[in-house]
Amino acid sequence: MRLAIVAASSYEESGQVSPIPNAELDVELFGRRLAEPDAGFTVHAFDAQRGLAEGIEELTRALGGRARSLVFYFWGYALLSEERGPTLLLDGPKLSSFTLARLRRLLAEVTDEALVVVDATLAEGSAGAPLDVVRAMGSALSGRDSRVSSLISVRPPQKRTQPGPPPFTGLVQMILDTQTGSAHALTPETLFRAMQAEEVMFADIPAAGCFLAQNDFVGGPGAVGLSVPPASAPAARAYSETEEITAKGAIA
């Protein structure tokens, strides 16, 4: 089973951060691309709210257990805490934390290999500059001892949230669309290299990075997999060692 989980929230419930208009609708469009036959993922969309980790666990149980490959996409707020490390913020009456350390442990329990895509705006009070947070997130998720690859983008808190997908997500979608019908598999590194090649669009991304796991995750066009019928689960909506660091991106 090839499973994709996409999560976003408008952040209107907490009132602690600026809302992200229509985030849930925009993230569903991203999920639909992953559900197309050339990608071959069974896609489930979640609200990025308290209980997300438990919802993912319940979903995998409902689908019959461990996934062969899993893509986790998150669009929302994040911060780097000296106490908890890099953390995704979940909406609710009070913002809650979903640490990347917990996300990595969860992915190890439910899938053989994973790709995490994070498109985040830093919340006020976060430690470090955007590229520092990108590196911290990548280190928390990926590496020689991990089966999780990651593509991460971080924007500073002072940038206002505009309607529609942010530049990083828009560029990921564009590259996936241009690969439609390609016989070549798209890996996290080849996807990120293709994004960097779009220099004008990539320049709109304050900080981004690609961090690789011990294995090469193959999740894009050319890697057709079996798409199984989605099962229902509470809070889910279903549909069919080199290093390069720049001011604009990081590949490890």
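Predicted model: local features only at pLDDT ≥ 70, side-chain atom pairs only at ≥ 80, totals over all residues.
Q: Are helices H5 and H6 roughly parallel or roughly perpendicular to each other?
A: H5 spans residues 167-178 and H6 spans residues 188-197, and their axes lie 10 Å apart. The packing angle is about 110°. Angles of 65 to 115 degrees fall in one class, so the two helices are roughly perpendicular.

Q: Which residues of H6 make the contact with H5, and of what class are the residues in the contact?
A: From H5, the contact is made by Phe168, Leu171, Val172 and Ile175. From H6, Leu191, Ala194 and Met195 take part. The contact has no polar and no charged residues; by class, seven are nonpolar.

Q: Where do the buried residues of H6 sit around the helix axis?
A: The buried residues of this helix are Pro188, Leu191, Phe192, Met195 and Gln196. Their arc around the axis is only 135°, which means they lie on the same side of H6.

Q: Is Val133 buried or exposed?
A: Val133 belongs to helix H4, residues 130-141. Its relative accessibility is 0%. Buried means under 20%, so Val133 counts as buried.

Q: Which residues does Val133 contact, leaving aside its neighbours within four places in sequence?
A: Contact here requires heavy atoms within 4.5 Å. With the sequence neighbours left aside, the partners of Val133 are Leu80, Leu122, Ser126, Ala127, Gly128 and Val154.

Q: How many Å apart in space are Val133 and Arg155?
A: In sequence, Val133 and Arg155 are separated by 22 residues. In space, taken from C-alpha to C-alpha, the distance between Val133 and Arg155 is 9.6 Å.

Technical notes: Residues numbered from 1 in each chain as written. Heavy atoms only, no water. Axes fitted to C-alpha atoms, helices over the stretch in contact; angles between N-to-C directions. Helix = DSSP H or I, 4+ residues; strand = E, 2+ residues; numbered from the N terminus. Parallel < 35°, antiparallel > 145°, perpendicular 65-115°, else oblique. Nonpolar A, V, L, I, M, F, W, Y, C, P; charged D, E, K, R; others polar. Buried < 20%, exposed > 50% of the residue type's maximum accessible area, 1.4 Å probe, protein only. Arc of directions from axis to C-beta.
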